[in-house]
Amino acid sequence: MTTAKAKLILANCIGCGACVEKCPTNAIPESLVGYISGLAEIDEVKCTGCGECIQTCSHEAIILEISRDTVKKVDYIIE
Ligand code: SF4
Ligand code: SF4
C-alpha cells in the first residue's frame, strides 16, 4: 500500500496561514500562522495526503512524501 503525507519545509514558509485554513482535517497547526512557533509540523496522523495544502502554498513550503508499505501480507501457510 502506498501512503502520502505532507511535510513542511519551514525555511520556505512565510507563515501566511493559507494552508492552515485549507486543510480539511486540521492537520496543519495554527501555530504556523505568523511563525508563533518555529517548530511547526504537520500532524502525520491527521494528514490524509490530499494535497490541498500544496496547491494552496505559493512558496513551495509543503511537499508530499510518498512511502510504500513494505510489510508483506501472508497469503497462506503450509504446515
Ligand atoms: S495533504 Fe491534505 S490533509 Fe495533509 S496537511 Fe495537506 S491539506 Fe491537510
Ligand atoms: S501556505 Fe505555505 S507559506 Fe503559507 S503558511 Fe502554509 S506552508 Fe507557509
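Analyst: Happy to. Two residues are in contact here if their C-beta atoms, placed from the backbone, lie within 7 Å. With that in hand, among contacts between residues at least 6 apart in sequence, 65% join residues at least 24 apart. Please keep in mind that this is a predicted model, in which local features need pLDDT of at least 70 and side-chain atom pairs count only at pLDDT 80 or more, while totals for chains, interfaces and linings use all residues. Residues are numbered from 1 along each chain as its sequence is written, with chains lettered from A and ligands numbered from 1 in the order in which they are written.

First, the setting. The protein has two helices and two strands, arranged along the sequence as β-α-α-β; these are DSSP runs numbered from the N terminus, with helices (H or I) of at least four residues and strands (E) of at least two. Its C-alpha atoms fill a box of roughly 60 × 20 × 20 Å along the principal axes. The radius of gyration is 16 Å, whereas a compact globule of 79 residues would have one near 12 Å. That radius is taken over C-alpha atoms, and the globule rule is 2.2 Å times the number of residues to the power 0.38.

Now to the core itself. A residue is buried if 20 or more other C-beta atoms lie within 10 Å of its own, exposed if 12 or fewer, and partly exposed in between, with C-beta atoms placed from the backbone. By that count, 14% of the 79 residues are buried. A nonpolar core is a set of buried Ala, Val, Leu, Ile, Met, Phe, Trp, Tyr and Cys residues joined through C-beta atoms within 7 Å. The largest one has eleven residues: Ala6, Cys19, Cys23, Ala27, Ile28, Leu32, Cys47, Cys53, Cys57, Ala61 and Ile62. Beyond its neighbours within four places in sequence, Ile28 is in contact with Cys19, Val20, Cys23, Ile42 and Cys53.

A residue is near a ligand if its C-beta atom, placed from the backbone, lies within 6 Å of it. Ligand 1 is surrounded by 14 residues, and Cys23, Cys47 and Cys53 are among the closest, along with Cys50 and Glu52. That shell has eight nonpolar, four polar and two charged residues. Around ligand 2 there are 13 residues, and the closest include Cys19, Cys57 and Ala61, as well as Cys13 and Cys16. Here the shell divides into nine nonpolar, four polar and no charged residues. In these counts Ala, Val, Leu, Ile, Met, Phe, Trp, Tyr, Cys and Pro are nonpolar, Asp, Glu, Lys and Arg are charged, and the others, Gly among them, are polar.

Ile54 lies in helix α2 and touches Ala6, Ile62 and Leu64, not counting residues up to four places away in sequence. Ile54 counts as partly exposed because it has 16 C-beta neighbours inside 10 Å. Gly17 sits in the loop between β1 (2-8) and α1. Leaving aside neighbours within four places in sequence, Gly17 is in contact with Leu32 and Val33, and its C-alpha atom is 9.1 Å from that of Cys57, 40 residues away in sequence. Gly17 is partly exposed, because 14 other C-beta atoms lie within 10 Å.

Most residues other than glycine have a negative phi. Asn26, in the loop between α1 and α2, has a positive phi of about 55 degrees. Asn26 is exposed because 11 other C-beta atoms lie within 10 Å. Glu60, in the loop between α2 and β2 (62-68), also has a positive phi, about 50 degrees, and is exposed because 10 other C-beta atoms lie within 10 Å. The C-alpha atoms of Glu60 and Leu8 are separated by 9.2 Å, although the two are 52 residues apart along the chain.

Finally, Glu44 belongs to the loop between α1 (18-22) and α2 (52-56).
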